[in-house]
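Student: I would like to learn how to read salt bridges and strand pairing in a model. Please take me through them one feature at a time.

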Amino acid sequence: MKIKSVKAVKNNYPKIPQKTRPKKNDKYAGKIATGAPMSTSLGGRYFHKNDWWDKALMKGVGAGIERDVGCIIESEDGSWGFGFSDRGRITASIIDDYLAPNLVGRSIFETEKIYDMMTRILSPVGSNSFSSRAISAVDLALWDLKGKVLKKPVYELLGGSVIEKLPLYASSNNTEWLKELGFKNFKRFISYGPRDGIDGLKKTEDEIAKTRELIGYKSDLMLDCWLSMDIETTVKLSQLLKPYKLKWIEDALISESINQYEVLRKRIPEETLSTGEHWYGVYPFFHAASKGIIDILQPDITWVGGLSAIIKIVHIAEAAGIDVILHGGGGSVFGQHASYGLTGISMIECSGPVITPIGVPLEEKERFPGTPIPKNGTIIPSNAPGFGLEIKREWFPDFN
């Protein structure tokens with residue numbers, strides 16, 4: 001069966017109004033009311049307006065939750081598959097102008113070959129984030145279409161199952177609220193950076209100490225630095241936080257600075273380091289795995305190149321004896337199916353697209369129709385064909 005059309009579309013699916021009003025409670029004083037993860041300005045290092053980052057997170061910018069670009073692939077028999085990414089018109093134009101003309105007429109089952117074609121078509125302009133996002137949306141739509149035609153959920157196409165439930169962790173600085181929502185493992189976002197000096201390190205330790213006291217030592221606790229640190233501060237931070245048994249320190253350095261990660265690894269060989277959500281394509285992950293500089297790879301399935309890229313990254317990690325945990329994997333059907341379909345993925349992250357404002361049940365979180373939510377401490381992907389989204393074609397007009 002052949003591809004009839006490939007189109008970038010706008011995601012205009014109907015939003016369900018939130019019924020419950022967020023709580024205002026002194027217990028949560030100083031926390032971002034939406035459950036957004038980070039305080040002020042990337043650890044005080046890069047942005048100079050203290051409210052810039054909070055406002056950006058409220059709009060989804062930087063957190064990758066805007067999901068404003070979809071891709072629909074239609075086959076000869078009228079079946080269609082759907083994938084999405086973000087970054088608006090630029091991503092859409094790459095889909096329509098560069099990828100679509102080269103894919104029409106090919107078999108819908110050639111996911112491996114089509115992924116290779118797309119990476120080579122866009123190689124002359126570089127494996128940048130926009131190219132990678134466009135590839136992601138197309139690749140995910142193709143896998144969705146393949147599952148629908150074969151009448152199988154994608155996790156089964158990958159050879160996985162949902163018999164063994166994967167553990168979840170929630171990412172936000174509202175740890176009290178996350179506990180109320182039923183989460184057992186937690187990731188915090190750092191509030192202070194290199195320019196805050198010793199005082200910033202001490203404040204970070206105080207936050208981590210209070211969080212560990214709140215959740216106990218039977219829960220995993222992680223710290224996300226969101227690209228805000230330097231080598232020296234990360235080394236000091238790692239030493240200072242040893243008593244609190246962090247599972248990992250995440251995104252300590254700028255994403256492109258892989259050489260700096262090699263230096264950091266030598267300085268703190270015993271620390272578990274994770275990163276990768278802002279790496280695009282397969283090759284940065286291969287380099288990091290081959291050098292042994294990262295312990296946990298964290299690609300985003302809607303940014304890195306789709307499910308086909310994730311499969312390759314997981315196999316690289318397995319060969320290197322390291323782990324993969326998808327960035328925000330619990331927030332999309334794509335991440336959920338990949339997590340259960342590939343044995344190299346050990347946990348599922350629930351972040352912005354999953355976490356609700358304080359006092360609002362998880363069921364009321366705005367999300368693509370058909371996206372499962374956490375229940376009884378885990379997430380189970382839909383067993384409907386493809387990725388299982390419950391969507392209608394008319395909700396997705398062409399991206400003009």
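This is a predicted model: local features need pLDDT of at least 70, side-chain atom pairs count only at pLDDT 80 or more; totals for chains, interfaces and linings use all residues.

Tutor: Residues are numbered from 1 along each chain as its sequence is written, and side-chain values use heavy atoms, with hydrogens and water left out.

Student: How many salt bridges does a search of the whole structure find?

Tutor: A salt bridge is a side-chain nitrogen of Lys or Arg within 4 Å of a carboxyl oxygen of Asp or Glu. The search of the whole structure gives 17 salt bridges. One of them joins Lys312 to Glu112, with 2.7 Å between the closest N and O atoms. Lys312 is in helix H11 (residues 306–320) and Glu112 is in helix H3 (residues 111–122), so this pair ties together parts 200 residues apart in sequence. Helices (H or I, at least four residues) and strands (E, at least two) are DSSP runs, numbered from the N terminus.

Student: Which residue does Asp116 meet in a salt bridge?

Tutor: Asp116 pairs with Arg120, at 3.0 Å from N to O. Both are in helix H3, 4 residues apart, which puts about one helical turn between them.

Student: Is Arg120 buried or exposed?

Tutor: Buried means under 20% relative accessible area, exposed over 50%, and partly exposed in between (1.4 Å probe, protein chains only). Arg120 has 58% relative accessibility and counts as exposed.

Student: What about Lys187 and Glu349?

Tutor: Their side chains form a salt bridge at 2.8 Å, N to O. Lys187 belongs to strand S5 (residues 186–189) and Glu349 to strand S11 (residues 348–350), so the pair links distant parts of the chain, 162 residues apart. Lys187 is buried, with a relative accessible area of 1%, and Glu349 is buried at 2% relative accessibility. Salt bridges with shared partners join Lys187, Asp224, Glu250 and Glu349 into one network.

Student: In what order do the strands form the open sheet?

Tutor: Two strands pair if DSSP finds at least two bridges between them. Here 8 strands make an open sheet with parallel pairing, in the order S10-S9-S8-S7-S6-S5-S4-S11. Strand S10 (323–324) and S11 are the edge strands, each pairing on one side only.

Student: How many bridges join strand S4 to S11?

Tutor: Strand S4 (residues 168–171) and S11 run parallel and are joined by 3 bridges. Ala170 has Cys350 as its bridge partner in S11.
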